[in-house]
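Me: Hey, I've just opened this one and have never looked at it before. Can you walk me through it?
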Amino acid sequence: MKKLNLFIFFSAFLVLLYVPEEGISQRMAGRKPAARPAASRPASARPTASRPTSTRQMTSTPSRTRPSASSRNSNLGQGNTRQGGSLNGGSQRATNSSRVESKVGNISNDRSNSIRTGDRNSNNRVNVDKSRGDVNINIDNSRNTVIRNQRNVAYRPPYRPYPRPPYMWGGFGFSWYRPYYYHPFTPFYWGPVWHPWGFFVATLAVTAIVVSIDNQDYHYDEGVFYVESDGGYVVVEAPQGATVKVIPKESEVVEVSPTINNYYYGGTFYEQKDGTYTVVPPPAGSVVSNLPEGAEEVKVGDQTFVKYGDTYYMPVEVDGKNMYEIVQVEEEG
C-alpha cells in the first residue's frame, strides 16, 4: 500500500509538470516571436569621381578659294549708286585698321589748306628697315615749309569712259573700273635715298640738280624733290610740270592707255618724252603696286580707300596681286 501511494504521488507530480509545459507550447504555437532586425549600417560607398573624357571636337577649316578673274570681272557692267553694301560687287571685308577717317576731305585743285611741316600729323612717320645702321629719320616739325604744291591736281581723267555711274557719297562722285578688293595699307619704303614729305636734310648729294617751276627753285635727286629751308632742305611734293633727265631705275611702269605708259616712283608719276621725264598728275584708272609713307586709309561709304595728298586710291586685286587703282573724284552737281 505504501508503494502504491508513492507511485500515485510520483505520477501526479509528473502530470503537473507535463500539463503546464504542454499548455504553454499550445499557446505559443500560433505566435511567431518578433525577430529584432539586425541594426546593420549600410556601407557608405563613396561614388567614384570619374572625370569625363574631354574629347576635343575637330573642326575642319573650309578651304578658301579665290574667285577667278572671270567671275570677279562679271560685275563690271553693273551700276551701283547705293551707299550701302559692297561697291561694284567687290569684297565685303572690313578694315582692321584702327585709324580710319570718317569723312572725305575737301577735294579742290586750289588746295588752300596746304600741309605744312609745322602741323603735320600722320606724315611724321616713315617706314624704314631699322636693321640698317645708316638710316636716319629726321623730320623736323618746327619748320613751317610748305610741302604741298598748290598747282598740282589730284588726277587726270582716263582715256576711256567708265562703265557705270559714279558712286555718290559725301557730296562727291567716285568712279573706277575694277572690283573693290580690300587689303590693309602698309607704307612702302623705296630705300635709303628716298624720303617722305617733310623730311629734313642738312646737305644734298653732289648729284642733286636745280629745277625751276613758276619762279620756285626745287632741288631734285634720286626721285625726291627738296626746297631750301633754315640751313637745310625739306622734302616736298613733286611739282607737276617739272622735267628731269633721270629717274630711279626702280621706277614702276604704269599703263595709262594701250599706247601710253607712265613711270611711278615714291608716289610721283612721270611721263617720258624726248629723253626726259616730266612730273604729271596721277592717271585715273591706272594701278600701282605700292603707296608711300604719308598716305592713310579713309572711309568712302562702307569701303576703305587710301588717300595720298588729294588723290584717292582704291584697293584692288590684279592677277592675284594687291594693287591700288587711282580713283576719279568729282564734286556733285
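Predicted model: local features only at pLDDT ≥ 70, side-chain atom pairs only at ≥ 80, totals over all residues.

Me: How many bridges join strand 10 to strand 11?
Reply: Three, and the two strands run antiparallel. Strands here are DSSP runs of E with at least two residues, helices are runs of H or I with at least four, and both are numbered from the N terminus. Two strands pair if DSSP finds at least two bridges between them.

Me: And what's in the turn between strand 10 and strand 11?
Reply: The hairpin has two residues between its strands, and Gly266 in the turn has a positive phi of about 60°. Strand 9 and strand 10 form a hairpin too, with two residues between them. That pair is antiparallel over five bridges, and Val254 stands opposite Asn262.

Me: Which residues does Val288 touch?
Reply: Among them are Val254, Tyr264, Phe269 and Tyr313, leaving aside residues up to four places away in sequence; contact means heavy atoms within 4.5 Å. Val288 is also one of the residues with the most contacts inside the largest nonpolar core, which has 46 residues. Such a core is a set of buried Ala, Val, Leu, Ile, Met, Phe, Trp, Tyr and Cys residues joined through side-chain atoms within 4.5 Å. A second, separate core of 17 residues includes Phe172 and Trp176.

Me: What percentage of the chain is buried?
Reply: Buried residues are 42% of the 333, with buried meaning under 20% relative accessible area (1.4 Å probe, protein chains only).

Me: New topic: where is Asp221?
Reply: Asp221 sits in strand 5, residues 216-221. Asp221 is buried yet has no salt bridge, meaning a side-chain nitrogen of Lys or Arg within 4 Å of a carboxyl oxygen of Asp or Glu. The nearest side chain of opposite charge, Lys249, is 12 Å away (Lys and Arg count as positive, Asp and Glu as negative, and His and the chain ends are not counted).

Me: What order do the strands take in the open sheet?
Reply: The order is 3-7-6-5-4, with antiparallel pairing. Strands 3 and 4 stand at the edges with a single partner strand each, so one side of each is left without a neighbour in the sheet.

Key:
Residues numbered from 1 in each chain as written. Heavy atoms only, no water. Buried < 20%, exposed > 50% of the residue type's maximum accessible area, 1.4 Å probe, protein only.
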